[in-house]
Amino acid sequence: MSRQIVMPFGPQHPVLPEPIHLDLVLEDETVVDVIPSIGYIHRGLETLVEKRQFPEYVYIAERTCGICSFIHGMTYCQGIERVMGLEVPERAHYLRTIWSEYSRLHSHLLWLGLFADSMGFENLFMNAWKHREFVLDVMEETTGGRVIQGSCKVGGVRRDIDQDTLKRMNADLKGFEKGLKEMANVFLNDDSVASRLRGVGVLSRNDAYVCGAVGPTGRGSGVPIDARMTGYAAYGELGFSPVVEQDGDCYARCAVRVNELFSSIEIIRQSIDRIPGGEIEVKVKGNPEGEYFSRSEQPRGELVHYVKGNGTKYLARSRIRTPTLTNIPPLVKMLQGCELADVPVIVLSIDPCIGCMER
Amino acid sequence: MKPENQELRVIDTAHLIGEVEDYRNKGYRLVNMSCTRAGEEFEISYSFELDLRFENIRIIIPLDADISSISGIYWGAFIYENEMHDLFGVHVRGMNIDFKGNLIRTTVPYSFRNPSFRGEGPCQDR
């Protein structure tokens, strides 16, 4: 047996936009074990429920993440609405679905760019981020914010989208989709991308299940987990099935995200076609009393906002279980046995959002 | 929107491992573990899902009590258990990976155990 050494990876590393530390136990160039540690940017957002009234906490929930902020706010609102027995108008559900899917497009394109960058494919990186600009422009036009939207509230949404704008958004998707197809062709069929990703960081279906993998990390290993199947917002009324790949390697996780871009476009089209008229919010009276585990599908996987109200305007507890937190054990499994040079690509393949995880 | 039905059962701490093993044997996946301080006790909830059936079990323990780890049943549970230890000071016996308080390194040890905001500012007008 070779001598084992421990090599620190992070918290500052070129492929890591945010800090996480891994102690890599190496035998020659092979990683035999990994010990992760976090906490560099822990913010304690969950305890702020004691300081902010429950309608105000939406802003805190949104700021859990700078990428999928809308989905955080929506998931929190769903939890409170369920506890309080509020019937949110259908139009608000459809608007939430549209903005959620634009958030997914934004997040996946951001990740695809970073992933291309981690492989040294700078042109592809810039191409992915060019397409992301289109999504951010739509978000800005319809919500007023490119990254933090602030358009979701307990009881519905703050902003409506008029029919003319919806029609134009639908028409614009055609050109956007055409550009994505060209980009997807490179991610899925280019030899240099495939040879860098195929067979790297394999997570078996059983390991994905036992370790609790969610989102594209789980679906890339053949586990068809997708919280949108629960039918929250308008998803229960739209035709939709999860994108699943079987190989469990970095390529499979990348392919899931690439194909989800087109799945999101289809969901947005369906939502625009079917969105009903009417109100976008209901009046909220009283304070929440009770508890609920509100679930949704973030771009990185299943998100859980546990809320517990005690009949006052301040919640007793907010617990945010983010997908990156639950994808850390699967990451440990993926890294065991890999080559040192593959570590950056494998770490990035779970699309780690440390800001979310350190909420 | 279809509201999700969620089942929650409070169980005896002594039955925890048996209940979790049952979920594992039936094919449920572990979704979440969360800890909530309720007065002088902790409520520790375990959430599971199978084919969109979402179920929760809960144990209620005194603040200074130990609990058994379920990481021998669900390998990935160590991340939640270490988090509970580091934020709430809940002692978990038999974790498959024990960071010994170094997973989340906060300036204030067990910073969620005694919420610092309680009794200050706006909370006073409850």
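**Helices, core and contact**

Modeller: Helices H3(A) and H4(A) cross in a left-handed way. This is a predicted model, in which local features need pLDDT of at least 70 and side-chain atom pairs pLDDT 80 or more, while totals for chains, interfaces and linings use all residues. Residues are numbered from 1 along each chain as its sequence is written, and chains are lettered from A and ligands numbered from 1 in the order in which they are written.

Biologist: What makes a crossing left-handed?

Modeller: The near helix is turned anticlockwise from the far one by less than a right angle; clockwise would be right-handed. H2(A) passes H3(A) in a left-handed crossing too.

Biologist: Why are H3(A) and H4(A) called roughly antiparallel?

Modeller: The axes of H3 (residues 90-118) and H4 (residues 122-143) of chain A come within 8 Å and cross at roughly 160°. Angles over 145 degrees count as roughly antiparallel, under 35 as roughly parallel, 65 to 115 as roughly perpendicular and the rest as oblique. H3(A) and H4(A) are therefore roughly antiparallel.

Biologist: Which residues of H3(A) and H4(A) meet?

Modeller: Among them are Trp99(A), Tyr102(A) and Leu105(A) in H3(A), and Phe125(A), Trp129(A) and Val135(A) in H4(A). Contact is counted when C-beta atoms, placed from the backbone, lie within 7 Å. By class, this contact has 15 nonpolar, 4 polar and 3 charged residues. Ala, Val, Leu, Ile, Met, Phe, Trp, Tyr, Cys and Pro count as nonpolar, Asp, Glu, Lys and Arg as charged, and the others, Gly among them, as polar.

Biologist: And which residues make the contact of H2(A) with H3(A)?

Modeller: Phe70(A), Ile71(A) and Met74(A) of H2(A) face Arg96(A), Trp99(A), Ser100(A) and Ser103(A) of H3(A).

Biologist: What makes a group of residues a nonpolar core?

Modeller: Its members are buried Ala, Val, Leu, Ile, Met, Phe, Trp, Tyr and Cys residues joined through C-beta atoms within 7 Å. Buried means 20 or more other C-beta atoms within 10 Å of a residue's own; 12 or fewer is exposed, and in between is partly exposed. Here the largest core has 135 residues, and Val343(A) is one of those with the most contacts inside it. H3(A) gives the largest share, 12 residues.

Note on methods. Axes fitted to C-alpha atoms, helices over the stretch in contact; angles between N-to-C directions. Helix = DSSP H or I, 4+ residues; strand = E, 2+ residues; numbered from the N terminus. Contact = placed C-beta atoms within 7 Å.
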